[in-house]
Amino acid sequence: MKVAFFDRDGTIIDDYPDHKWTNIKRPIFLDGAIRTVKEVLNKGYKIIIVTNQYIINAGYIKEEQYQDITKQMLMELKSNDIDIHDIYYCPHAKTNGCYCIKPRIGMIRQALKEYPDIDLSKSFMVGDSAVDVELAMNMKIKGFGIGIGSEYDDKKIIQIEKIKDLINNL
Ligand SMILES: [Mg+2]
Ligand SMILES: [Zn+2]
């Protein structure tokens, strides 16, 4: 199967400065995100979300808060006929040295272990941060940095709606 690996915060739903997450109870979907995810799905990709959540370890949010926001996000996507294949998150501190924090490849490796039929040569990663593009590079898969959050490479910064055009050429 071919997989579109999506970042969560700043890509599908709103992101905030770390300390502001403490008071966030509901996911706010970003413009065009639902439409884009649906189009990617319609092109035959499974969607897997990979998200860094070091704010859990840092104490800005509780694990349950992360789970609750994710659950609400999934319900909203579901009501738009969007099934997310799986979600991986890294709750560890940036300084923990874990293998899963992006741009390290642990979450994608875990996905490959659970879904050995993933065809990486047909898969891609999309996210709003440098770490998302770097993860793609580390996995040697296609990567798209979207929005204004990415400092990695101007040429790779695109609007999320462009994804559907770009994947036509994959
Ligand atoms: Mg992000
Ligand atoms: Zn981790």
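Biologist: Does R8 count as buried or exposed?
Modeller: R8 has a relative accessibility of 1%. The model is predicted, local features needing pLDDT of at least 70 and side-chain atom pairs pLDDT 80 or more, while totals for chains, interfaces and linings use all residues. Residues are numbered from 1 along each chain as written, chains are lettered from A and ligands numbered from 1 in the order written, and side-chain values use heavy atoms without hydrogens and water. Because buried means under 20% relative accessible area, exposed over 50% and partly exposed in between (1.4 Å probe, protein chains only), R8 counts as buried.

Biologist: Which residue forms a salt bridge with R8?
Modeller: The closest N and O atoms of this salt bridge (a side-chain nitrogen of Lys or Arg within 4 Å of a carboxyl oxygen of Asp or Glu) are 2.5 Å apart. The partner is buried, with a relative accessible area of 8%, and the residue that forms the salt bridge with R8 is D9.

Biologist: How many residues apart are D7 and K102?
Modeller: The side chains of D7 and K102 meet in a salt bridge at 2.9 Å, N to O, and the pair links distant parts of the chain. D7 lies in the loop between β1 (3-6) and α1 (33-42), and K102 in the loop between β3 (86-90) and α4 (106-114), where helices (H or I, at least four residues) and strands (E, at least two) are DSSP runs numbered from the N terminus. Both D7 and K102 are buried, and the two are 95 residues apart.

Biologist: Which residue is joined into one network with D7 and K102?
Modeller: The structure holds 5 salt bridges. Salt bridges that share partners join D7 and K102 into one network with D132.

Biologist: Which element gives the most to the lining of the largest pocket?
Modeller: β2 (46-52), α2 (54-57) and α5 (130-139) each supply at least two residues of the lining of the largest pocket. The element that gives the most, with 3 residues, is α5.
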